[in-house]
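Me: I have a structure open and want to learn how to read it. Could you take me through some of its features?

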2 protein chains.
Amino acid sequence: MAGEFALIERLLGQRLGPSPVALPTSSSVTPAADGLLLGPGDDCALIAPPAIGDAWAISTDMLIEGTHFLGADNPEDLGWKTLAVNLSDLAAMGAQPRYATLAMALSSDDNSQGWIDRFFSGFQQCAAQFGVTLIGGDTTRGTRSFCVTVFGTVSPSRALRRSGAQADDDIWISGHPGLAALGLQHKLGNITLPDALVASCDQALHHPQPRVALGMALAGLAHSCLDVSDGLLQDLRHITQASDLTAELKQSALPGAPQNVQETLWQACLLGGGDDYELLFSAPASARQTLHTLSQQLDLPLHRIGNMQKGDNQGTIHLINDQGQPIDLTHMRSGFDHFA
Amino acid sequence: MAGEFALIERLLGQRLGPSPVALPTSSSVTPAADGLLLGPGDDCALIAPPAIGDAWAISTDMLIEGTHFLGADNPEDLGWKTLAVNLSDLAAMGAQPRYATLAMALSSDDNSQGWIDRFFSGFQQCAAQFGVTLIGGDTTRGTRSFCVTVFGTVSPSRALRRSGAQADDDIWISGHPGLAALGLQHKLGNITLPDALVASCDQALHHPQPRVALGMALAGLAHSCLDVSDGLLQDLRHITQASDLTAELKQSALPGAPQNVQETLWQACLLGGGDDYELLFSAPASARQTLHTLSQQLDLPLHRIGNMQKGDNQGTIHLINDQGQPIDLTHMRSGFDHFA
């Protein structure tokens, strides 16, 4: 039978026929090494409980052509990113990625012309790199769109929350925030980046690295955490509001502009751009040495950019220049809000 | 802040601000009665493990405007159906529904004109009726579409599989298969139904009842089960193929045509129509009395329509008339395949 079922079978690498999964019959329900009791091919997947003391961390995200990606985007990169942005949510909770489901709407051309195979190849590369097993899916016809739900495990008492920040916590951000937004402006033709910068910006925009190892290391260490997808300022505000605090960022501590990039453009990309998928977290000053060591172990920059403060105007964020004066942020794009 | 965050806050009935959830801090991780450790508002939801011995049953489905529903459809019904069709997958495994995530793409109008509130009201009615807690979501702009992932609990040794059918099993189907397809033909203007029939067909098409109580009662009793969404014949073939059997259906045992509905039209709707969300299952003859009692308890018809047989041509389905002669099924629409 051609069509939907053939597509699912091809992508999931198995027949939906006589033996939809190699796994248990009703008399044999020992989970596989990955805890999977029943994979794709039935009405539901079955997964075993996590290790005692752990909880499931669950997140879902939808990516739509025209909103989150363009039809001309490289399918492998898009497949990677579709899973990576969901794993970034698990990282932000300190959870270990375990499983994912993938629902997708496609045109007939996507199926016949190999687009979806290339997409799926990128998706599976990301799954393999981060130890994720695909446990189920759905395919339908429609505007190209993807919805991934991810499942990770974390001890609830160590899970990283937005609401746990404390006054005097340092504020940190990982990696290379701002590059994805810079890459998008270049791609849209609004700016022309130096050649040397295009590759790293493209990588940040199209092939983001979910900070899974960092997130798991921060569990039980950081007081609060989220992943920056809608812009540093807007996402930091989620922490300050949830934690009833204000935040002060030091301009001199922010990651500096890449060579030959104008300072105001950089600041807009760094503070207001989206698609970073870096971890923004707060931690006590006593964690600084551990974090420096962690940065070296993971070969990942960790920038200490400010601190949390008590204040009457909870949720507020101040950016302070070298002279200790606040910089007006009202002109700054406040982040990416689909319904603003 | 207007827009996406306000929309999420409104729909999920809580602020994303200072206290995104009323639930645990790191020093207090006792789950609520529904096992939820952390609800919407953070990067992930956290759910406690199921009762010892249970597994999670997980399914995901995407509904797209123009493919699965029309823009003019009643939003409350659509909200109901969006969750109900997913719960039908849990029912087909014998699982008890517990949680759901909801990702949605919407137009700006959907937000401003109250469409999404009506949709969400229908979704929540279904959630309340079946004891489902919404644990997370995502909203974005795009062609109106919805992706639900559902989580239920079931003992793996009692879970209902497609591959468990045995030779000589009776084949059963619940409820009122065929009415949804009949209602769709009426809605499309291809036929005109008698007034007395329109209401029940509309109900079947727009407000399907996931057979959750039946599925849970069948766990450990039926040998195989699935929910009929793509047409009785096509879905039965999933069982026969997965179980290495053939099936023989008796025409005289099939649910009869409603009054004033032409026999050939009815047979096409019953055997080839989709959107039934009834349970199709096989069980040993020894279960007949239990199933009759169950049918009365649930006030739900259970039709014994044929049986499973050994045969060389595995997967094949025969329909037998009153004279014991096979009826040609090749003209029958073989089900709903999005990519055929």
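Reply: Start with one residue pair. Tyr99(B) has Phe151(B), in strand 6 of chain B, as its bridge partner. Keep in mind that this is a predicted model.

Me: How many bridges join strand 4 and strand 6 of chain B, and in which sense do they run?

Reply: Strand 4 of chain B covers residues 96–106, and strand 6 of chain B covers residues 145–154. They are antiparallel, with 9 bridges between them.

Me: What packs on the sheet there, touching strand 4 of chain B?

Reply: Helix 4 of chain B, residues 115–129, does. It touches strand 4, strand 5 and strand 6 of chain B. Its direction makes about 165° with that of strand 4 of chain B.

Me: In what order do the strands of that sheet come?

Reply: The order is 1(A)-2(A)-3(B)-6(B)-4(B)-5(B). These 6 strands form an open sheet with mixed pairing. From one strand to the next, the twist averages 20°.

Me: Which strands stand at the edges?

Reply: Look for strands with a single partner. Here they are strand 1 (36–38) of chain A and strand 5 (133–141) of chain B. Each pairs with a single strand, so one side of each has no neighbour in the sheet.

Me: How do I read side chains along a strand?

Reply: In a regular strand, side chains alternate between the two faces of the sheet.

Me: And which strands does helix 2 of chain B lie across?

Reply: In chain A, it lies across strand 1 and strand 2 (45–47). In chain B, it lies across strand 3 (55–64), strand 4 and strand 6. Helix 2 of chain B runs at about 35° to strand 6 of chain B.

Me: How do I read a helix itself?

Reply: Start with the general rule. An α-helix has 3.6 residues a turn, so residues three or four places apart point the same way. Then check the span. Helix 2 of chain B, residues 75–93, has 19 residues. From first C-alpha to last it reaches 28 Å, close to the 27 Å expected at 1.5 Å a residue.

Me: What is found at the start of helix 2 of chain B, and what follows the helix?

Reply: At the start, a side-chain oxygen of Asn74(B) comes within 2.8 Å of the backbone nitrogen of Glu76(B). After the helix comes Gly94(B), with a positive phi near 80°.

Me: How many residues of helix 2 of chain B are buried?

Reply: The count is 17 of the 19, so helix 2 of chain B is largely enclosed by the rest of the structure.

Me: What joins strand 4 of chain A to strand 5 of chain A?

Reply: 8 bridges do, and the two strands run parallel. One pair to find is Leu106(A) with its bridge partner Arg141(A) in strand 5 of chain A.

Me: Can we try a loop? Is Leu193(A) buried or exposed?

Reply: Leu193(A) lies in the loop between helix 5 (179–187) and helix 6 (195–206) of chain A. Buried means under 20% relative accessible area. Leu193(A) has 6%, so it is buried.

Me: Which residues does Leu193(A) touch?

Reply: Leaving out residues up to four places away in sequence, its contacts include Leu182(A), His186(A), Val198(A) and Val261(A).

Definitions and conventions: Residues are numbered from 1 along each chain as its sequence is written. Chains are lettered from A and ligands numbered from 1 in the order in which they are written. This is a predicted model: local features need pLDDT of at least 70, side-chain atom pairs count only at pLDDT 80 or more; totals for chains, interfaces and linings use all residues. Side-chain values use heavy atoms; hydrogens and water are left out. Helices (H or I, at least four residues) and strands (E, at least two) are DSSP runs, numbered from the N terminus. The expected span of a helix is 1.5 Å times one less than its number of residues. Buried means under 20% relative accessible area, exposed over 50%, partly exposed in between (1.4 Å probe, protein chains only). A polar contact is a pair of N or O atoms within 3.5 Å; within protein, one must be able to donate a hydrogen and the other to accept it, and residues adjacent in sequence count only if both atoms are side-chain atoms. Two strands pair if DSSP finds at least two bridges between them. Axes are lines fitted to C-alpha atoms, for helices over the stretch in contact, and angles run from 0 to 180 degrees between N-to-C directions. Contact means heavy atoms within 4.5 Å.
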